[in-house]
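Keep the viewer open as you read.

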Amino acid sequence: MKREEKYKLRFDEMSKIEKQLKEEGYSMIAGVDEVGRGPLAGPVVAAAVVLSDGFDLIEINDSKKLSEKKREELFPLIKEKSVAYAIGMVSPEIIDEINILEATKMAMRGAVLNLNEKLKENGVGGIDMLLIDALTLDNMPMEQKGIIKGDAKSISIAAASVLAKVTRDRLMMEYDSEYPGYGFASNKGYGTKAHYEGIEKQGICPIHRREVSDENKRNT
C-alpha cells in the first residue's frame with residue numbers, strides 16, 4: 001500500500017467521531033489537547049481548534065508521532081484550514097500553586113473560552129461540542145466528550161495537539177536564549193541528561209517548576 005493511501009485510511013478513521021457528531025447535528029466541534037505536563041521547566045500549553053468542513057490534511061496525526069519538521073509544516077496549514085483556534089497557557093508559578101493536573105485543565109479552559117469568543121465574534125456561533133484528550137472540564141457552557149488517546153483517534157484533537165506542541169516548542173527555544181545552559185532548545189524542558197547537568201552547574205532558573213527546586217535543594 002502506498003504511503004498516501006495509508007495516510008488517507010488513517011485520516012478517514014480519525015474523522016469518524018467528527019463525522020458522526022455532525023450527522024447528529026453538531027456543527028462547531030472543537031478538539032482540545034495540551035502539551036507540557038511532564039517537563040521540569042516551562043508552561044503547560046493547550047490548544048482548541050474547530051476545523052473547517054473541507055479540512056483535508058491527510059498527514060495529520062498525534063503530534064508525538066510526527067517529526068518536528070512535519071509538525072512545523074502542518075502548523076500553518078492547520079491554522080489556515082480551521083474555522084478558528086486559540087491557545088491557553090499556564091505558567092510554572094501557577095503550576096506550582098495548583099498542581100499540574102489543575103493547571104492542565106486551566107490551560108484547556110482558557111483555550112476553549114478564547115476560541116468560543118472568537119467564533120461568536122466571527123458570527124458563526126459558539127462551540128456546541130468539545131472533544132478532549134483524556135479529560136473533561138468542569139463548568140463549561142457546551143457539551144463535551146473525554147476520549148482516551150484522543151489525539152490518535154480524532155482529527156480535531158490531533159490538530160490541537162500539533163498547535164499546542166509547536167507553540168510550546170517555539171517558546172522553549174526562545175527561553176533557551178534567555179536561560180542558556182539547560183538545553184531548552186533541544187529538550188524543551190524535559191529531564192534530559194544535559195538538562196540535569198545544567199541544573200547541577202547553574203542551579204534552577206525562573207521557569208523551573210518547584211518540584212525541581214525542591215529536588216535540587218535535597219541534593220545539595
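Asparagine 139 sits in the loop between β4 and β5. In this predicted model, asparagine 139 has a positive phi of about 55° even though it isn't a glycine. Buried or exposed, then, is asparagine 139? The cut-off for exposed is over 50% relative accessible area, so asparagine 139 counts as exposed at 78%.

Asparagine 99 has a relative accessible area of 42%, so it comes out as partly exposed.

Back to β4, which runs over residues 129-133. Five of its five residues are buried, so the strand is largely enclosed by the rest of the structure. Side chains in a regular strand alternate between the two faces of the sheet. Here, Met129, Leu131 and Asp133 point one way, while Leu130 and Ile132 point the other way. Note that the buried set includes Asp133.

What does β4 pair with? Strand β1 (residues 29-35) runs parallel to β4 and is joined to it by four bridges; isoleucine 29 has methionine 129 as its bridge partner. Strand β5 (residues 143-147) also pairs with β4 in the parallel sense, and there methionine 129 is partnered with glutamate 143. Further out, β2 (residues 44-51) and β3 run antiparallel, with leucine 51 and serine 82 as bridge partners. Here are those pairings side by side:

| Strand pair | Direction | Bridges |
|---|---|---|
| β1 and β4 | parallel | four bridges |
| β4 and β5 | parallel | five bridges |
| β2 and β3 | antiparallel | eight bridges |

Put together, five strands make an open sheet with mixed pairing, in the order β3-β2-β1-β4-β5. β3 (82-90) and β5 are the edge strands; each has a single partner strand, so one side of each is left without a neighbour in the sheet. From one strand to the next, the twist averages 20°. Helix α2 (residues 16-23) packs on this sheet and touches β1, β4 and β5. The direction of α2 makes about 160° with that of β4.

Now for a pair of helices. α3 (residues 68-80) and α6 (residues 155-178) pack at an angle of about 115°, and their axes are 9 Å apart. Their crossing is left-handed. Which residues of α3 and α6 make the contact? From α3, they include Arg71, Leu74, Phe75 and Ile78; from α6, Val162, Leu163, Val166 and Met173 are among them. By class, the contact has eight nonpolar, one polar and seven charged residues. Among the residues in this contact are Glu68, Glu72 and Lys79 of α3, plus Lys165, Asp169 and Arg170 of α6.

Finally, zoom out. The protein has nine helices and five strands, and from the N terminus on the elements run α-α-β-β-α-β-α-α-β-β-α-α-α-α. Its radius of gyration is 18 Å, close to the 17 Å that the globule rule gives for 220 residues, so the protein is as compact as a globular protein of that length. The C-alpha trace spans about 60 × 45 × 30 Å along its principal axes. Buried residues make up 49% of the 220 residues. Of the contacts with a separation of 6 or more, 69% are between residues 24 or more positions apart.

How values were computed
Residues numbered from 1 in each chain as written. Predicted model: local features only at pLDDT ≥ 70, side-chain atom pairs only at ≥ 80, totals over all residues. Heavy atoms only, no water. Axes fitted to C-alpha atoms, helices over the stretch in contact; angles between N-to-C directions. Helix = DSSP H or I, 4+ residues; strand = E, 2+ residues; numbered from the N terminus. Left-handed = near helix turned anticlockwise from the far one by under 90°. Contact = heavy atoms within 4.5 Å. Nonpolar A, V, L, I, M, F, W, Y, C, P; charged D, E, K, R; others polar. Buried < 20%, exposed > 50% of the residue type's maximum accessible area, 1.4 Å probe, protein only. Pairing = 2+ DSSP bridges. Rg over C-alpha atoms; globule rule 2.2 N^0.38 Å.
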